[in-house]
Amino acid sequence: MTTTINHPLNRKLRMALIGGGGEGFFGRVHALAAGLDQRAELVAGAFSSDPEKSRLAAVAFGVAAPRGYGSYRELIETEARLPPERRVEFITVATPNHTHFEIAHAALEAGFHVVCEKPLTNDLDQARELARSVARTGAVFVLAHGYSGYPLVRQAREMIAARELGQVHAARVAYLQGGLWGIEPGQPAARAAWKADPAKAGPSGTLADIGTHAFHLLRFTTGLRPQTVSATLARFHTARPLDDYGHVVLRCGSGELATITVSQVTHGRLNDLSLQVDGNRGSLEWRQIEPDRLVVRRHNQPVQIYERNRRTAYSDTVRAACRLPGGHPEGFLEALANVYGDGFNAMIRHASGPGLDAGPVLHPTVDDGVEGVYFVQQCLASHGELGAWKPWQPAAK
């Protein structure tokens, strides 16, 4: 029987995963999300910086022993020598921040597509070098901002673009967690211990870790482009030497205001990401803890609640992001799978030639990654000058 998976390739894409072994959990999240729609198959990996642990982890991921590599270099070099019908087509990078550049750059230059965890890099020059590598190679690059894959986040984006809220005046994004209170001073972290090391995590803690998600959600949904940025950061817990709380204010191109609040020291908050947008004809609100609801309000009118439902008269883009009928909850894995799916469409177009229409580019790109790194840099610069306003020129070299 002829399959219609990834038409016109009519087969699964071959995936390699770098990272995800040991106590880390997000590598497995990537493997699950990438394979959710049966459009990709994990066939190779380098799952740990320890060669023996990496090869042992291959068994847990269902990867055949010969393709459970001892290092990312071995993986890239060996896979690049395989015939085209066997080698992997894309490599997912789910490793600590400080390794993103070297791994992603090596993968791009060897001819592979890349899916990379955020932040793109710890260094703006490296981020821009990755963007140049993507432009030079023509490879597909997907940045793993999974929240952009939620159907009602995409509905909010379409409503704002269609001016259903009128002229946007302001937007607020908050990303609140409390997990740092689970770490006692001097107690080793059960996982992600590298986040306590500035040499690995980079110059920022919470702002880079979850603030880049909040910033991308703001840009993805509203399209607001900052002109200047002011930030005040803080460190309230002694478990890590980097920021764990912060407020950011962005003045945007036509006078709009946006704020971003991030915290990993708010008691009782698990993974509370929220978006609020104000226009002159209405406002909307979405929260990640209730991802199947989008609330729209207008003055002196009943509150409208949009529910995720593929049988509702949403756009093709929004319906395509839904898998189950309304009332059957979908969550983070499905959202990340949607981002993967957008990337797969781009990879298929790349393999099949420019004549194939794969639809709009919805997945976060390397350019979004550069913006995220620049966002962190300008916020740190502002904080270092007691909240001084800093210009927004991410394209500047």
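This is a predicted model: local features need pLDDT of at least 70, side-chain atom pairs count only at pLDDT 80 or more; totals for chains, interfaces and linings use all residues.

Q: What's the cut-off for a salt bridge?
A: A side-chain nitrogen of Lys or Arg has to be within 4 Å of a carboxyl oxygen of Asp or Glu. Helices (H or I, at least four residues) and strands (E, at least two) are DSSP runs, numbered from the N terminus.

Q: Are Arg-154 and Asp-342 buried or exposed?
A: Both Arg-154 and Asp-342 are buried. Buried means under 20% relative accessible area, exposed over 50%, and partly exposed in between, with a 1.4 Å probe and protein chains only.

Q: How many salt bridges turn up in the whole structure?
A: The search finds 21. One of them is Asp-37 with Arg-323, at 2.8 Å from N to O. Asp-37 lies in the loop between helix H1 (26-35) and E2, and Arg-323 in the loop between helix H9 (316-320) and helix H10 (332-352), so the pair ties together parts 286 residues apart in sequence.

Q: And how accessible is Asp-37?
A: Asp-37 has a relative accessible area of 36%, so it is partly exposed. Arg-323 is at 19%, so that one counts as buried.

Q: What does Arg-172 pair with?
A: Arg-172 makes a salt bridge with Asp-278, 2.8 Å from N to O. Arg-172 is in strand E6 and Asp-278 in strand E10 (residues 272-279), so parts 106 residues apart in sequence are tied together. There's also a network: Arg-11, Arg-14 and Glu-89 are joined by salt bridges that share partners.

Q: Switching to rings. How many aromatic pairs are there?
A: The count is 15. The rule takes rings of Phe, Tyr and Trp (its six-membered ring) with centres within 6.5 Å; planes under 30 degrees apart are stacked, over 60 edge-to-face, and the rest tilted. The ring centres of Phe-47 and Phe-61 are 4.5 Å apart with the planes at 5°, so that pair is stacked.

Q: Where do Phe-47 and Phe-61 sit?
A: Phe-47 is in the loop between strand E2 (40-46) and helix H2 (51-60), and Phe-61 in the loop between H2 and helix H3 (72-81). Phe-47 and Phe-61 are both buried.

Q: What sits over the ring of Phe-61?
A: The charged end of Arg-28, 4.4 Å from the ring centre. The test is NZ of Lys or CZ of Arg within 6 Å of the ring centre and within 35 degrees of the ring normal. Arg-251 also lies over the face of Trp-389, at 3.8 Å from the ring centre.

Q: One more topic. Where is Leu-165?
A: Leu-165 is in the loop between helix H6 (151-161) and strand E6 (168-176). Its relative accessibility is 0%, so Leu-165 counts as buried.

Q: How far is Leu-165 from Gly-282?
A: They are 4.5 Å apart in space, C-alpha to C-alpha, and 117 residues apart in sequence. Leaving aside neighbours within four places in sequence, Leu-165 is in contact (heavy atoms within 4.5 Å) with residues including Val-277, Gly-282 and Val-296.

Definitions and conventions:
Residues are numbered from 1 along each chain as its sequence is written. Side-chain values use heavy atoms; hydrogens and water are left out.
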